[in-house]
Each structure stands twice: as C-alpha cells, then as structure tokens.
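Visitor: I am new to this structure and would be grateful for a guided reading of it. May I put some questions to you as we look?

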Amino acid sequence: ELVGLRWGEHSSDPFIKVMRFTTLFCFGLMLSAASAFSLSPTLRAPVRPAASRGLCRQQGRAGELVGLRCQAGEVVEEGLEADRQVVRRVALEKHGELAEVLEAVKRLETASRRVKDEGRDNEMLQKLTGKWRLITTTGDQKGRTLTGGKLSYFPIKAVQEFDCGTNFIQNGVYLGPISFEFSGVMELLPLRRLEFYFNKVSLGPLSLDIDVGRDAKKKPSFQWIEVNDEFALARGAGGGFGLWKRVEEI
C-alpha cells in the first residue's frame, strides 16, 4: 500500500516500519526548518536597506552605461575602419569619388584630433620611416573646382622619403633616368605635426647646397591624419590633403 505518507502504515515488515518512521521524521524536520527560515528573525533572508538597493540600482545603471559606451565605441571604430578602406582604395587602386573621399578624410581627421595621446601619435609617426609615392592631392576649394570635382592623380612619379631616426626628409620627382630631388631636415612635433626645410637640391649626380624654409616664421608642414603600413594621409599647410602609398623602391 503506497498512498502518500500512509505508506507502510499497516505493514508488519520491520524494515518497512523503520523506513516509514524515518521518512515521517525527516519530513517533520523539513517542515520545521522551512517554518523557521520563513518566520524566525534570526534565519529570515536579509532585506537590503533602501539606500543599499538604490546603490545597487545605480551600479546597475552605470554598468549599462559602460556597456552602451563600449557598443558605441565599437560602432564608431567600425565606421572609421570603413573610412580607412575608402582612402586605401584610392591609394592602392586609384579608385574612388572625390566627395566620398573628402567625407572619409574629414571623419578620420576629426577622430585623430578628438583623442590626444602623445604616445600613440609618436608610434604612428615612426611608421613614416621609408619611401612613399604621392598618389593624389586635393589642394584648396579653388583647386578642387579646377579639377571638376574629381580626384586628380599625380601624373608623374613623385616620392617622398622620411627617416625618423635621423630626421631626414627628401622630395623627389623621377622621369625615367632623370631625378630631381630636394633633401633637408624634418622635425616631429606634438599632435602629429611635421615641419621641415630643405638644404640641398640635386639634379641627377649634380647637387647644390640651399637654404629654403629654415628661418621661415611658418615652416612647410604636414598634419598627419593616418599613417599605417600601406598608406599615409596628411593635411597640408594650404588646407588640402595629400595621400601617399608605401613603396620599397623609387
């Protein structure tokens, strides 16, 4: 007979009787413990003070805000990466529309100015060491009007070389075997700024010492927006931007 707690009530088997007694005894203990937990002030579940509950809610909201900021940061970084890809296509494939590129450059420039991190900026500028072929320049608004609102790619081979270890800079134009180069000294400044002047000009094997820009109140300069392993992007003193791609040889 197995009906509720009456199981084994009329059984003559000693084992069944012991098991029934043990079951009833344990069941009674469970009821007593449950009653004590729900009613006894010493065992009752602790209740947080109102101030503590408010603090927990504030911490919860703070956690939510941190999470939202992280998500927003990820969205912004994804947008900037898309802008880098727009500029990259122009640098490596000469493919892009002027309006789209200008918008991408504007957003990248704004982002570079928003976060001031001298260590990060210096690390980026150290990547300038090497040779860079000029792909396009936009000039100012008047210059963009003259090109009909289209990207104008530099028609001849023009290569700039930087050495951040020796502060050497060189601008060169190359037509077959003919080379025309200006070389000089550059200085890396805070906020990704590079100023320079030229002290030598060379035409093939011939060279001449010069002094261009050393004592100028406003030296020629670039404000670098992005420098990576594939391309370099900078705003010139005239307001337009220049875009270079990294090359191994001139």
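Visitor: Which strands do the buried residues of helix 4 pack against?

Guide: The model before us is a predicted one. In helix 4, residues 118-126, the buried residues are Asp121, Met124 and Leu125. They lie on the same side of helix 4, because they cover an arc of only 95° around the axis. The buried residues of this helix pack against strand 4 (178-189) and strand 7 (221-227).

Visitor: Which residue caps the N-terminal end of helix 4?

Guide: The cap involves the backbone nitrogen of glycine 119. A side-chain oxygen lies 3.2 Å from that nitrogen, and the residue that provides this oxygen is aspartate 117.

Visitor: Is aspartate 121 buried or exposed, and with which residue in the loop between strand 4 and strand 5 is it paired?

Guide: Aspartate 121 has a relative accessible area of 5%, and because buried means under 20%, this residue is buried. Its side chain meets that of arginine 192 in a salt bridge of 2.9 Å, N to O. The pair links distant parts of the chain, 71 residues apart. Aspartate 121 is thus buried, and its partner in the loop is arginine 192.

Visitor: What is the distance between the closest N and O atoms of arginine 120 and aspartate 121?

Guide: Arginine 120 is partly exposed, at 31% relative accessibility, whereas aspartate 121 is buried. The two form a salt bridge, and their closest N and O atoms are apart by 3.6 Å.

Visitor: Which residues touch the most other members of the largest nonpolar core?

Guide: In soluble globular proteins, nonpolar side chains tend to be buried together. The largest nonpolar core here has 19 residues. Helix 4 and strand 7 are among the elements that give two or more residues to this core. The residues that touch the most other members are Leu128, Phe162, Leu194, Trp224 and Trp244.

Visitor: Which residue in strand 5 stands opposite methionine 186?

Guide: Strand 4 and strand 5 pair in the antiparallel sense over 10 bridges. Their hairpin has 3 residues between the strands, and leucine 191 there takes a positive phi near 65°. Opposite methionine 186 stands phenylalanine 196.

Visitor: What is the bridge partner of valine 173 in strand 4?

Guide: Strand 3, residues 168-175, pairs with strand 4 in the antiparallel sense over 8 bridges. The two form a hairpin with 2 residues between them, and glycine 176 in the turn has a positive phi of about 60°. The partner of valine 173 is phenylalanine 180.

Note on methods
Residues are numbered from 1 along each chain as its sequence is written. This is a predicted model: local features need pLDDT of at least 70, side-chain atom pairs count only at pLDDT 80 or more; totals for chains, interfaces and linings use all residues. Side-chain values use heavy atoms; hydrogens and water are left out. Buried means under 20% relative accessible area, exposed over 50%, partly exposed in between (1.4 Å probe, protein chains only). Helices (H or I, at least four residues) and strands (E, at least two) are DSSP runs, numbered from the N terminus. The arc is that of the directions from the helix axis to the C-beta atoms. Contact means heavy atoms within 4.5 Å. A polar contact is a pair of N or O atoms within 3.5 Å; within protein, one must be able to donate a hydrogen and the other to accept it, and residues adjacent in sequence count only if both atoms are side-chain atoms. A nonpolar core is a set of buried Ala, Val, Leu, Ile, Met, Phe, Trp, Tyr and Cys residues joined through side-chain atoms within 4.5 Å. Two strands pair if DSSP finds at least two bridges between them. A salt bridge is a side-chain nitrogen of Lys or Arg within 4 Å of a carboxyl oxygen of Asp or Glu.
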